Amino acid sequence: MQITETSDLWWKSAVIYCLDIETFLDANGDGSGDLGGLARRMDYLNELGITCLWLMPFYPSPDRDDGYDIVDFYGVDPRLGNHGELVEVIRTAHDRGIRVIADLVINHTSDKHPWFREARRSKDNRYRDFYVWRDTPPPDTHTQVVFPDKETSVWQFDERTEEWYLHHFYKYQPDLNTSNPDVRREILRIIGFWLQLGIDGFRVDAVPYFLSSDKTSPSESMPGDPHLVLKSIRSFLERRKGSAMMLGEVNLPYDQQLAYFGGEAGDELNQMFDFVGMQAAYLSFAREDATPLKEALLARPPIHATCAWANFLRNHDELTLDKLSESERQEVFDAFGPEENMQLYGRGLKRRLPSMLGGDPRRIRMAYSLMFSLPGTPALYYGEEIGMIEDLEAEGRMAVRTPMQWSDRPNGGFSTTEPRHLVQRLVPDGGSPEHINVARQRHEGDSLWNFIRDLIGLRRTCNELGWGEVSILDQPAPSVLAHRCDLPGAAIIAVHNLASEAVTIDLSVDALTSETMEGDPDGPKPVPFVCVDLWGPHRVELENGVLRVALPAYGYRWFRILEADDLDAP
Ligand code: GLC
């Protein structure tokens, strides 16, 4: 199989791994993870096979929103280390072929940020217009708040200047006014700074919020479309570093997401998380019926060839189910989080995947195999590779932000400090490091860790999934998703059984199409092909073009269709 573009557009072939430095490994024994700890684990990440590391915010922060409330966009929080250590981490990663992307939080600052301290001093302060103010009492905005357990309005009254400032998230996170050219200049400067230090791109936080229309209205300075902000960021990014990318958090319906890719021009975000597909996957798991996921895949809009989706089953926030209907959401709650303390904000779940799937190893592996086979780029959240579960007693989203479980030593090998000094306690009881840890699983041939490592290795050889054209294959079993991703001359067929009943299906396998030669008047031609079982690997014979697949409960298979001549290719 040939892909000439894979030396470029690396995000289309990546395997992403997200972690928070604070909870990964504590090297200096103070109870908080740090950059020194992360550097020590770079070989671990390399062994696992990931190719892109997404670092959650590491900037100085009062830490009221786990680092998403920033007081210095150019800094490194001293609890985590310093710039020198960060550069070492980046270099260590690069040496191993791992790219590093950083969270870019530009919708808001902390209310302790010097800009906001200045801004709230007086109405004519030079930083006043860095934020969004109103001088009349705000309307009822309780339906717009992101954290309904803590906030009732997106406007907060400021006693000193007697005006209200905008905050889509917590009130201590005042929104930046992106319609102000000075703010936009600062954003570019921040991006330029981190690129210069070696960062390869950004996970861009809360994108629709910083482009929202309530920021453009008070301004005379941003003409027209708020997407111009994103386009100008992208073009600056590329000017500074041609290979840099932006992976955006845009939890919107597909048709609206398309605009954030820059539509047909593809000149805004290079990549976006597929929140809709993720939610459909959980509904499909709950029903043991692949239909919702199938429908989501079919509903994905075509995107520019340089853009990509990022697929995931977990991230650091609540597992949001906000795009499902109320009754669908209830189905997922009933199946995977029936107790109130397992749910968050009425729209999501506090749990990690293994506990939701009842710890069934077959089902857990099927879920990851499925996620890795979806067209796009897989993104893992730390701890998923060993099946870490949540700490339900932790407050809100902190339930899934517990320290990494390295071994069965004290504090799970995360830190040598006294447990009371830990940044957060380790998962207790059945999910504790005694039962779930890296050290043990690395040495157990049949562990989840070994499975995930194999899966990553396999996925990295299947560029059809990141680059190809997807089609859903017809077959009669509702519990089965059978999909195919085609590049010229090669295709992957992935088959997943979401149900606890075994099933055998027949798939008719269309021929491959050859590469079209430029000027070839006949266009692409079908070419003779063979089929290989990628989890084997061994050759599979088709009968009259039909592939018979026997799937056990929660079974999964990946096949490659390749040109007969290619079979022995290295
Ligand atoms: C994003 C982050 C979330 C954070 C919020 C505010 O949604 O994923 O963790 O609280 O933005 O920055």
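Biologist: What makes helix H10 count as mostly covered in this predicted model?

Modeller: Eleven of the 13 residues of H10 are buried, and a residue is called buried when its relative accessible area is under 20%. The buried ones are Phe275, Val276, Gly277, Met278, Gln279, Ala280, Ala281, Tyr282, Leu283, Ser284 and Phe285.

Biologist: How do you know that the span of H10 agrees with what a helix should have?

Modeller: H10 runs over residues 275-287, and at 1.5 Å a residue its 13 residues should span 18 Å. Its end C-alpha atoms are 19 Å apart, so the two values agree.

Biologist: What is found at the start of H10, and what follows the helix?

Modeller: At the start, a side-chain oxygen of Asp274 comes to within 3.3 Å of the backbone nitrogen of Val276. After the helix comes Glu288, with a positive phi near 55°.

Biologist: Let's turn to Ala367. Why is Ala367 called buried?

Modeller: Its relative accessibility is 1%, and the limit for buried is under 20%. Ala367 therefore counts as buried. Ala367 belongs to helix H14, residues 361-373.

Biologist: Which residues does Ala367 touch, leaving out those up to four places away in sequence?

Modeller: Ala367 touches Phe285, Leu313, Leu353 and Leu357. Phe285 is also among the buried residues of H10.

Biologist: And helix H8, how do you know that its reach is close to the expected one?

Modeller: H8, residues 227-240, has 14 residues and reaches 20 Å from its first C-alpha to its last. At 1.5 Å a residue, 20 Å is expected as well.

Biologist: Which residues of H8 are buried, and what do they pack against?

Modeller: His227, Val229, Leu230, Ile233, Arg234, Phe236 and Leu237 are buried. They pack against helices H5, H6 and H9 and strands E7 and E8.

Biologist: How do the residues of the shell around the ligand divide?

Modeller: Three are nonpolar, two polar and seven charged. Among the residues surrounding the ligand are Tyr68, Phe147, Arg203, Glu249 and His316.

Terms used
Residues are numbered from 1 along each chain as its sequence is written. This is a predicted model: local features need pLDDT of at least 70, side-chain atom pairs count only at pLDDT 80 or more; totals for chains, interfaces and linings use all residues. Side-chain values use heavy atoms; hydrogens and water are left out. A residue is near a molecule or strand if one of its heavy atoms lies within 4 Å of it. Ala, Val, Leu, Ile, Met, Phe, Trp, Tyr, Cys and Pro count as nonpolar, Asp, Glu, Lys and Arg as charged, and the others, Gly among them, as polar. Helices (H or I, at least four residues) and strands (E, at least two) are DSSP runs, numbered from the N terminus. The expected span of a helix is 1.5 Å times one less than its number of residues. Buried means under 20% relative accessible area, exposed over 50%, partly exposed in between (1.4 Å probe, protein chains only). A polar contact is a pair of N or O atoms within 3.5 Å; within protein, one must be able to donate a hydrogen and the other to accept it, and residues adjacent in sequence count only if both atoms are side-chain atoms. Contact means heavy atoms within 4.5 Å.
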